[in-house]
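Here is a friendly note to read with the structure open beside you. Take the points one at a time and find each residue as you go.

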Amino acid sequence: SGAFGDVYRAYDPQLDREVALKVPTFGPGDSAKAKRFRDEAKSAARLRHPNIVPTFDSGTFGNVHFIASQFIEGQTP
């Protein structure tokens with residue numbers, strides 16, 4: 001969990017892999033924060049570096065926004 005969202009370990013059945021799924025903590029009616037979240041997904045998707053987790057997908061499921069990224073095994077701080 002962070003200031004802007006929660007991250008969950010999830011499973012992508014279409015590609016048969018685990019992913020990290022970021023879901024924002026704001027409500028569905030907050031259009032300014034929704035735009036900021038979409039902009040974050042676009043910016044993250046453009047980054048390419050061995051030390052940056054790649055973004056696989058983003059979108060909405062019902063009223064819930066999400067960003068799907070590579071899952072990295074580790075411990076929660």
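1. Helix α1 spans residues 31-46, and its 16 residues reach 23 Å from the first C-alpha to the last. That is close to the 22 Å expected at 1.5 Å a residue, where the expected span is 1.5 Å times one less than the number of residues. Helices (H or I, at least four residues) and strands (E, at least two) are DSSP runs, numbered from the N terminus.

2. A word on the source: this is a predicted model, where local features need pLDDT of at least 70, side-chain atom pairs count only at pLDDT 80 or more, and totals for chains, interfaces and linings use all residues. Residues are numbered from 1 along each chain as its sequence is written, and side-chain values use heavy atoms, leaving out hydrogens and water.

3. Which residues of α1 are buried? They are Ala-34, Phe-37 and Ala-41 (buried means under 20% relative accessible area, exposed over 50%, partly exposed in between, with a 1.4 Å probe and protein chains only). They cover an arc of only 60° around the axis, which puts them on the same side of α1; the arc is that of the directions from the helix axis to the C-beta atoms.

4. The face of α1 turned away from its buried side carries exposed Ala-32, Arg-36 and Arg-46. The buried residues of α1 pack against β2 (17-24), β3 (55-61) and β4 (64-70), with contact meaning heavy atoms within 4.5 Å.

5. Phe-26 and Phe-37 are both buried.
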